[in-house]
Amino acid sequence: MPPRRRGSSGFRGVRVRPSGRFYAEIRAGGFRLTLGTYNTPELAARAYDAAAWRFRRPRRDMNFPDVESLEEAEFLAPPPCLVDDEDRRRHRQVQRRIAIAEHDEELMRQWRAQFPNDVDNTDAFFADLRAQRRSNRRHRRAVAEFELENPNTTWAENDPRWDDIWTETTSDDE
C-alpha cells in the first residue's frame, strides 16, 4: 500500500526547511516534540511514524500504515541525531570565528572608506614587492648559470643555490 501523502512535503509531521532538508515533529498533549532534520522526506516520515507508534496513535495517522509494530517502525526509522557537549562547543567556536571574520570585514570596509589613499599605497606597495621578487629570482638564476659555466666555481655540489638554475621566470619577469 502506498504511503499517505500530506502537506507540502508529502508526509504527515514533515516540513521542508529553506535549506532543502526535511524537519520532522509530532504533536502530543499540547506540546511539540522535535524529531530531527533529515536529508529525505521519507526518512523524516519514518521518524514520525516511530514516534507515532510510541504515542500509540492509530494507523490512519501514520505515513506508512503497512508497518505492523513499534519494533518494525523503529527498525525502519533513521537513528536519532544526538547533540552532545562537544557538538555544542564546536558550534560555539565556529560562530565565534564567523563573528570575528564579519567584524574584521566591517573594520576593513570602514578603513577603506576613511583612508582611500592608503588603499592605493597598499596596492603600489605589493606591486613593488612583486617586482623586487621577480628581479631577485632573475638575479639568482643568472648567478647560478654563471657559476655553472665557470670551471673554477666555489659552490659545492649539494649547494642549494644550484636549484636557482631551475627557477622559472615568465615573460612578464623579463
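Student: How much of the chain counts as buried?
Tutor: Of its 174 residues, 25% count as buried, where buried means under 20% relative accessible area, exposed over 50% and partly exposed in between, with a 1.4 Å probe and protein chains only. Keep in mind that this is a predicted model, where local features need pLDDT of at least 70, side-chain atom pairs count only at pLDDT 80 or more, and totals for chains, interfaces and linings use all residues. Residues are numbered from 1 along each chain as its sequence is written, and side-chain values use heavy atoms, with hydrogens and water left out.

Student: Thanks! In what order do the elements run from the N terminus?
Tutor: The order is β-β-β-α-α-α-α, and the chain comes to 4 helices and 3 strands. These are DSSP runs numbered from the N terminus: helices are H or I with at least four residues, strands are E with at least two.

Student: Let's take the strands, then. How do S1 and S2 pair?
Tutor: S1 (residues 14-16) and S2 pair in the antiparallel sense over 3 bridges; two strands pair if DSSP finds at least two bridges between them. Val14 stands opposite Ala24 in S2. Their hairpin has 5 residues between the strands, and Gly20 there takes a positive phi near 95 degrees.

Student: And what about S2 and S3?
Tutor: They also pair in the antiparallel sense, over 7 bridges, with S3 covering residues 31-38. Phe22 has Tyr38 in S3 as its bridge partner. This hairpin has 2 residues between the strands, and Gly29 takes a positive phi near 60 degrees.

Student: How many residues of S2 are buried?
Tutor: In S2 (residues 22-28), 6 of the 7 residues are buried, so the strand is mostly covered.

Student: Why does Phe31 count as partly exposed?
Tutor: Because its relative accessibility is 43%.

Student: Switching to helices: which residues of H4 are buried?
Tutor: Val119, Ala144 and Glu147 are. The buried residues of H4 pack against helix H3 (85-114).

Methods:
Contact = heavy atoms within 4.5 Å.
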